[in-house]
Amino acid sequence: MFALKKVPIGDSVNRKWFYQVIKEVKLLEQLKSHPNIISYRHSWLERDRVADVGPEVTCAFILMDWADGS
C-alpha cells in the first residue's frame with residue numbers, strides 16, 4: 001500500500017512555493033532506508049482538481065509507502 005500527497009501549485013506558478021515543494025521532494029529522495037522513516041517512492045506534476053468545485057490546477061503528487069500505525 002502507498003500514500004499519495006497532493007500539493008496544489010496553481011496555474012500562475014508561485015516560484016517560491018514551487019521551489020519549496022521541489023526542495024521537499026529532493027530531501028525525500030536523499031533519505032536512505034530506515035525503520036523510522038517512511039520511504040519516498042516517486043513524484044510527478046499533473047493537472048487535477050483540489051476540490052469538487054473549481055478549476056483544475058497544476059499539482060505535485062508525492063508517492064510514499066503507507067504507514068499503518070503498527
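Select Lys-5 and Glu-24 to begin: their side chains meet in a salt bridge, with N to O at 2.8 Å. The term salt bridge is used here for a side-chain nitrogen of Lys or Arg within 4 Å of a carboxyl oxygen of Asp or Glu. This pair links distant parts of the chain, 19 residues apart, with Lys-5 in strand E1 (residues 2-8) and Glu-24 in helix H1 (residues 15-30). Helices (H or I, at least four residues) and strands (E, at least two) are DSSP runs, numbered from the N terminus.

Before going on, note that this is a predicted model, in which local features need pLDDT of at least 70, side-chain atom pairs count only at pLDDT 80 or more, and totals for chains, interfaces and linings use all residues. Residues are numbered from 1 along each chain as its sequence is written, and side-chain values use heavy atoms, with hydrogens and water left out.

Now show the surface around the first pair. Lys-5 counts as partly exposed because its relative accessibility is 38%; Glu-24, at 28%, also counts as partly exposed. The cut-offs are under 20% relative accessible area for buried, over 50% for exposed, and partly exposed in between (1.4 Å probe, protein chains only).

**Next stop: Lys-6 and Asp-48**

Select Lys-6 and Asp-48, which form a salt bridge with their closest N and O atoms 3.0 Å apart. Lys-6 lies in strand E1 and Asp-48 in strand E2 (residues 40-49), so the pair ties together parts that are 42 residues apart in sequence. Lys-6 is partly exposed at 36% relative accessibility, and Asp-48 is partly exposed with a relative accessible area of 24%.

Arg-41 is partly exposed, with a relative accessible area of 47%.

Which residues is Asp-65 in contact with, leaving aside its neighbours within four places in sequence? They are Met-1, Phe-2, Ala-3, Ile-38, Ser-39 and Arg-41. Contact means heavy atoms within 4.5 Å.

**Along to Met-1**

At 77% relative accessibility, Met-1 counts as exposed. Apart from neighbours within four places in sequence, Met-1 is in contact with Asp-65 and Trp-66. To set a distance label, pick the C-alpha atoms of Met-1 and Lys-26: they are 22 Å apart in space, and the two residues are 25 apart in sequence.

**Zoom out**

Select the whole protein and colour by secondary structure. There are 1 helix and 3 strands, and the pattern along the sequence is β-α-β-β. The C-alpha trace spans about 40 × 25 × 15 Å along its principal axes. Of the 70 residues, 21% are buried. Among contacts between residues at least 6 apart in sequence, 57% join residues at least 24 apart.

How many salt bridges does the structure hold? There are 3. Finally, colour by charge: the protein has 10 positive and 9 negative side chains, and the centres of the two sets lie 9 Å apart. Lys and Arg count as positive and Asp and Glu as negative, while His and the chain ends are not counted; each charge is placed at NZ of Lys, CZ of Arg, CG of Asp or CD of Glu.
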